[in-house]
Amino acid sequence: MAERKVWLVTGAGRGLGVDIVKAALGAGHAVVATGRNPERVNSVLGVHDELLVVELDVTSTEDAGAAVEAAVDRFGRIDVLVNNAGNFYAGFFEEISPDAFRAQLETTLFGPMNVTRAVLPVMRAQRSGLVVAISSTAGIVGQEFCSAYAASKFGVEGWIESLTPEVASFGIRTMVVEPGFFRTELLTPESTEYAEPSIDDYAERTEKTVTAWKGMNGQQGGDPAKLADSLVQLAAQDEPPVRFVAGADAVATVEQKAKDLLAQVDAYRELSSNLAHDDA
């Protein structure tokens with residue numbers, strides 16, 4: 001069995017968060033499972049000697065601080081933080097209200113930042129730890145109807161990539177997880193909110209897109225339990241990957257994005273390379 005570690009998992013009341021908690025417990029680790037509704041977290045996870053359930057709305061810095069304090073009081077340390085909590089505000093950019101767009105960022109970008117900011121002092125004192133952020137292929141490739149969600153995930157990618165060298169000297173590692181389509185609860189009504197149609201030019205495409213997204217729910221190819229098991233395996237490594245592309249569809253997406261970027265560089269290489277001052 002791998003060395004026992006203490007995990008803190010956000011969004012542990014449903015979806016991938018439940019699978020991550022179960023996988024970590026099954027591997028012999030202790031887990032602090034958090035969610036906005038602790039009763040729901042308790043109901044889906046049950047009782048376990050190495051499980052602590054704590055209320056945590058990731059948009060609240062006060063909740064984040066209290067959850068970390070509770071984790072340390074119970075288990076003495078935090079070794080693995082999994083920023084998993086998320087939701088999905090879907091719609092064409094012009095039809096997503098400014099408040100909804102900000103709400104997306106509050107949950108899926110600033111939320112992980114809030115919790116990580118609260119956990120880092122504990123990990124620095126330990127001189128060890130792993131910060132995991134669940135991103136998405138939407139953090140690699142944008143697509144229509146996903147502008148708010150993609151903006152938040154692109155933000156997560158840049159934030160974690162920049163955080164990595166800042167904390168490496170303290171023995172703290174980071175890992176961004178970029179799943180493709182997994183059969184989680186992200187596309188359920190509890191997690192997805194569609195923008196109210198308001199512009200005729202988008203009406204037909206909105207109807208088709210919403211129908212397609214709703215039809216995809218429960219049909220995604222990825223198995224979240226297998227993803228959770230893989231995260232437990234990776235977290236046990238001394239040097240986990242800075243990025244973990246999860247799912248065959250995600251691998252194809254990332255490979256195509258890499259090819260597209262290189263092709264764009266090559267297409268304008270001469271123009272791009274001749275922009276220096278003449279006296280340089």
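The radius of gyration is taken here over C-alpha atoms, and the globule rule is 2.2 Å times the number of residues to the power 0.38.

**View 1. Overall fold of the protein chain in the predicted model.** For 280 residues, a compact globule would have a radius of gyration near 19 Å, and the 20 Å of the protein chain agrees with this. Along the principal axes, the C-alpha atoms fill a box of roughly 60 × 55 × 35 Å. The chain holds nine helices and nine strands. Among contacts with a separation of 6 or more, 72% join residues 24 or more positions apart.

**View 2. The largest nonpolar core.** This core has 33 residues, of which Leu8, Ile78, Val115 and Ile160 touch the most other members. Two or more residues come from each of the strands β1 (6-9), β2 (30-35), β3 (51-55), β6 (129-134) and β7 (172-179), and from each of the helices α3 (61-75), α4 (98-126) and α5 (147-167). The greatest contribution, eight residues, is made by α4.

**View 3. Surroundings of Leu8.** Apart from neighbours within four places in sequence, Leu8 is in contact with Val32, Thr34, Ala67, Val68, Ala71, Ile78, Val80, Leu81, Val82 and Val115. Two of these partners, Ile78 and Val115, are themselves listed with Leu8 among the residues that touch the most other core members.

**View 4. Burial, surface and charge of the protein chain.** Buried residues account for 48% of the 280 residues. The chain exposes about 14,200 Å², with carbon and sulfur atoms supplying 52% of this area. The 23 positive and 40 negative charges have mean positions 5 Å apart.

Terms used. Residues are numbered from 1 along each chain as its sequence is written. This is a predicted model: local features need pLDDT of at least 70, side-chain atom pairs count only at pLDDT 80 or more; totals for chains, interfaces and linings use all residues. Side-chain values use heavy atoms; hydrogens and water are left out. A nonpolar core is a set of buried Ala, Val, Leu, Ile, Met, Phe, Trp, Tyr and Cys residues joined through side-chain atoms within 4.5 Å. Buried means under 20% relative accessible area, exposed over 50%, partly exposed in between (1.4 Å probe, protein chains only). Helices (H or I, at least four residues) and strands (E, at least two) are DSSP runs, numbered from the N terminus. Contact means heavy atoms within 4.5 Å. Accessible areas come from the Shrake-Rupley method with a 1.4 Å probe; for residues, only the protein chains shown count as cover. Lys and Arg count as positive and Asp and Glu as negative; His and the chain ends are not counted. The place of a charge is taken as NZ of Lys, CZ of Arg, CG of Asp or CD of Glu.
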